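Subject: Structure handover

Hello,

Here is the structure for your files. My notes on the strands and helices follow below it.

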Amino acid sequence: MHRLLLLRHAKTEQESGEGDSARMLTGRGRKDAVKIGHALDIRGYWPDLVLCSTSQRTRETWELLGPELAKTPQVEFRKTLYLASARQIIAQIHATAHPIKTLMILGHNPGIEECASLLARAPKSKVEAEKRADMREKFPTCALAVLDFDVEAWSDVTGSGVLLEFIKPRDLTD
């Protein structure tokens, strides 16, 4: 089994004179990143590898989230994830090597949201359908989709993922 954690960066400032990739997190964004990190940790969603966009907002999200985890993963910052499409994200998932079992992608919308929708299977229960509907309604900043795949290798990942959870910071208690 392989587990994929798709995380959208936390809430950012409006664009500054430095350009889009230099945008920093707001106060709420910083709090949300810590909350999601804590939620990952208490649920045991510890990535073996984190692939993170090189933007300031994704780096800052990781810097706040990472220390909340009981296990420290390998982290790779990739320019190719900056504003990547769903197809570009899936290509990076497929290129992930064994023995990684839990992979986190920390990136941007619309790519993260579209990737989660493409990789989640058709719901097989009411609970799974509700999670998918919630995810499709809105994939806010710092939201996390957790997908499980019954595959041998990351290259086998397709639209067969079980949407285990869809976590939004506002649904978590402080």
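Which residue of β4 is the bridge partner of L51? In this predicted model, the partner of L51 is I105. The two residues belong to a pairing of β2 with β4 (residues 102–107), which is parallel and runs over four bridges.

On its other pairing, β2 (residues 49–53) is joined to β3 (residues 74–78) over five bridges, also in the parallel sense. Here L49 has Q74 of β3 as its bridge partner. Between β2 and β3 the chain passes through helix α2 (residues 56–65), and this β-α-β crossover is right-handed.

The sheet as a whole is open and has six strands, ordered β3-β2-β4-β1-β5-β6, with mixed pairing. β3 and β6 (162–167) are at the edges with a single partner strand each, so one side of each has no neighbour in the sheet. On average, neighbouring strands are turned by 15° against each other, direction ignored.

Two helices lie across the sheet strands. Helix α1 (residues 27–43) lies across β1 (2–8), β4, β5 (144–149) and β6, at about 140° to β6. Helix α3 (residues 86–94) lies across β1, β2, β3 and β4, at about 150° to β4.

Then there is a helix pair. The axes of α4 (residues 111–119) and α5 (residues 126–137) come within 10 Å and cross at roughly 155°, which means that α4 is roughly antiparallel to α5. Their crossing is left-handed. α4 contributes E113, A116 and S117 to the contact, and α5 contributes R132, M135 and R136. By class, these are two nonpolar, one polar and three charged residues.

Regards

Note on methods
Residues numbered from 1 in each chain as written. Predicted model: local features only at pLDDT ≥ 70, side-chain atom pairs only at ≥ 80, totals over all residues. Heavy atoms only, no water. Axes fitted to C-alpha atoms, helices over the stretch in contact; angles between N-to-C directions. Parallel < 35°, antiparallel > 145°, perpendicular 65-115°, else oblique. Left-handed = near helix turned anticlockwise from the far one by under 90°. Contact = heavy atoms within 4.5 Å. Nonpolar A, V, L, I, M, F, W, Y, C, P; charged D, E, K, R; others polar. Pairing = 2+ DSSP bridges. Right-handed = clockwise from strand over helix to strand, strands pointing away.
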